Amino acid sequence: MAAASSSDSDSGRAESKEANSKWLDAHYDPVANIHTFSACLVLADLHGDGEHKLVVGDLGPSGQQPRLKVLKGPTVLTESPLPALPAAAATFLMEQHEPQAPALALASGPCVYVYKNLRPYFKFSLPPLPPNPLEQDLWHQAKEMSLPSVPVFLEASGQFDVEFRLAAACRNGNIYILRRDSKHPKYCIELSAQPVGLVRVHKVLVVGSTEDSLHGFTHKGKKLWTVQMPAAILTMNLLDQRSRGLQAVMAGLANGEVRIYRDKALLNIIRAPDAVTSLCFGRYGREENTLIMTTRGGGLIIKILKRTAVFVEAGGEVGPPPAQATKLNVPRKTRLYVDQTLREREAGTAMHRAFQTDLYLLRLRTARAYVQALESSLSPMSMTAREPLKLHAVVQGLGPIFKLTLHLQNPSTARPALGLLICFLYNEALYALPQAFFKVPLLVPGLNYPLETFVESLSDKGISDIIKVLVLREGQSAPLLSAHINMPVSEGLAAA
């Protein structure tokens with residue numbers, strides 16, 4: 001019965017966790033044998049039948065045997081070998097007539113392969129064949145855009161014929177932003193670490209770096225925000241929920257988390273059983289909002305966003321805090337308030353002068369007290385550069401005998417303190433010490449030396465006084481530092 005109860009409680013917790021989640025677990029295969037990254041994942045309606053499929057440029061285990069895989073649901077529909085490792089995949093329309101079935105472009109090695117209806121259709125090799133004059137003019141315009149370093153991530157926005165921007169994250173740790181008519185980068189974003197991902201969310205460029213952080217920049221290179229991640233960033237991609245007009249950035253971390261951010265606000269955390277190495281969000285099959293994830297061990301995870309799910313910022317609703325709309329209970333203006341206001345208006349100049357006078361007097365008295373403390377060494381810390389010392393006193397006990405502990409420290413980095421003396425000044429009619437003057441051992445830099453002694457209270461009238469502690473150097477009359485100890489009243493004598 002106990003085992004049955006434990007099983008029921010575990011299943012109940014799992015159901016509760018799934019009910020509170022914004023995602024439905026559609027499929028998980030830890031041995032799917034898919035090794036890829038986000039640039040090689042594409043969701044597309046390859047046959048024009050409304051059924052979106054997943055195209056995967058698979059690197060193969062250990063970077064061997066690269067293959068092109070097409071998945072329908074959790075099963076592999078087709079699989080074909082590739083001559084070299086894939087670098088990126090994209091779909092585009094070659095024809096405008098219905099039904100519109102997009103073609104697949106796959107960069108593999110020195111070539112770009114074009115597939116139509118999942119069959120090889122064309123191959124572009126580098127260097128390419130002489131293009132027609134129109135294409136040659138377009139490539140010549142693109143060639144004039146030069147970068148100081150090799151780009152590793154590209155993000156384009158706008159239309160080529162009207163106005164476009166191209167953001168390129170390069171291997172030198174900088175992000176260069178080019179515009180349509182510029183031959184050289186117009187803006188440059190200098191990062192403190194190498195970029196690991198680049199995603200455009202509306203008009204904000206979100207960059208992930210090897211310092212385990214996300215940065216938001218404008219298209220002119222102005223830094224907007226920074227968010228620190230709990231682990232290293234392995235992959236990034238865009239979450240575009242068109243039904244609600246939501247665009248956010250997804251970041252897969254080395255600790256198995258997938259974090260979703262809108263600007264610097266955390267919207268959701270997905271915990272995977274293994275580190276996620278690639279992400280893809282879009283329509284899969286006939287589901288509009290599907291998240292595809294592959295793991296470091298080759299697993300495949302498919303999650304579907306609930307239709308009732310609404311992303312809000314962690315820790316509260318979107319927008320200003322509720323307290324901002326709460327009206328303050330401002331008291332009504334009294335007759336005294338009105339009279340004081342009129343007086344301040346009439347005598348404002350005189351009041352300001354009196355305030356400035358008092359302020360100058362306060363500063364003068366403070367400076368005099370500080371100078372007096374320096375001259376008489378009334379400070380728990382020595383101000384001499386050659387003899388840096390710290391003194392802290394602790395009194396313990398109820399009386400009539402108290403334990404007095406002096407904590408003496410040499411904060412110097414390399415120089416020990418030698419030839420120091422400690423002297424106690426006190427009223428002999430009230431207190432008695434076994435030794436009012438003794439030598440201090442060598443003080444090693446950085447160590448705390450507790451020096452203990454006992455103080456006996458001689459008065460039975462319940463009064464107390466101050467005991468002065470002086471730290472001296474042999475051959476010098478002026479103390480290096482001093483402390484005044486306010487002794488407590490002896491409760492033992494009072495009780496007797």
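Start with Thr294: setting aside neighbours within four places in sequence, Thr294 is in contact with Ile34, Thr36, Ala275, Val276, Thr277, Ser278, Gly299 and Leu300, where contact means heavy atoms within 4.5 Å. You'll find Thr294 in strand β23 (residues 287–295); helices (H or I, at least four residues) and strands (E, at least two) here are DSSP runs, numbered from the N terminus. Thr294 counts as buried because its relative accessibility is 1%. The cut-offs are under 20% relative accessible area for buried and over 50% for exposed, with partly exposed in between (1.4 Å probe, protein chains only).

A word on what you're looking at. This is a predicted model, so local features need pLDDT of at least 70 and side-chain atom pairs count only at pLDDT 80 or more, while totals for chains, interfaces and linings use all residues. Residues are numbered from 1 along each chain as its sequence is written, and side-chain values use heavy atoms, with hydrogens and water left out.

Now for the charges. Side chains of opposite charge can pair when their charged atoms come close. The structure holds 13 salt bridges, each being a side-chain nitrogen of Lys or Arg within 4 Å of a carboxyl oxygen of Asp or Glu. One of them joins Arg271 to Glu257, with the closest N and O atoms 3.8 Å apart. That pair links distant parts of the chain, with Arg271 in strand β21 (residues 265–271) and Glu257 in strand β20 (residues 257–262), 14 residues apart. Arg271 is exposed at 60% relative accessible area, whereas Glu257 is buried at 11%.

About one helical turn separates Arg335 and Asp339, because they are 4 residues apart in helix α3 (residues 335–346). Arg335 is exposed, with a relative accessible area of 64%, and Asp339 is partly exposed at 34%.

Next, the side chains of Lys403 and Glu452 form a salt bridge at 3.4 Å, N to O. Lys403 belongs to strand β26 (residues 401–409) and Glu452 to strand β30 (residues 448–457), so this pair ties together parts 49 residues apart in sequence. Lys403 is partly exposed at 27% relative accessible area, while Glu452 is exposed at 54%.

On to the rings. A pair of aromatic rings is described by the distance of the centres and the angle of the planes. The structure holds 3 aromatic pairs; rings of Phe, Tyr and Trp (its six-membered ring) pair if their centres lie within 6.5 Å, and planes under 30 degrees apart count as stacked, over 60 as edge-to-face and the rest as tilted. Trp23 and Phe311 have ring centres 6.4 Å apart and planes at 50°, so they make a tilted pair. Trp23 sits in strand β1 (residues 23–29) and Phe311 in the loop between β24 (300–305) and α3, 288 residues apart. Trp23 is buried at 3% relative accessible area, and Phe311 is buried at 6%. The pair of Phe424 and Phe438 is also tilted, because the centres are 6.1 Å apart and the planes stand at 40°. Phe424 and Phe438 are both buried. Back at Trp23, one aromatic cluster takes in Trp23, Phe281 and Phe311.
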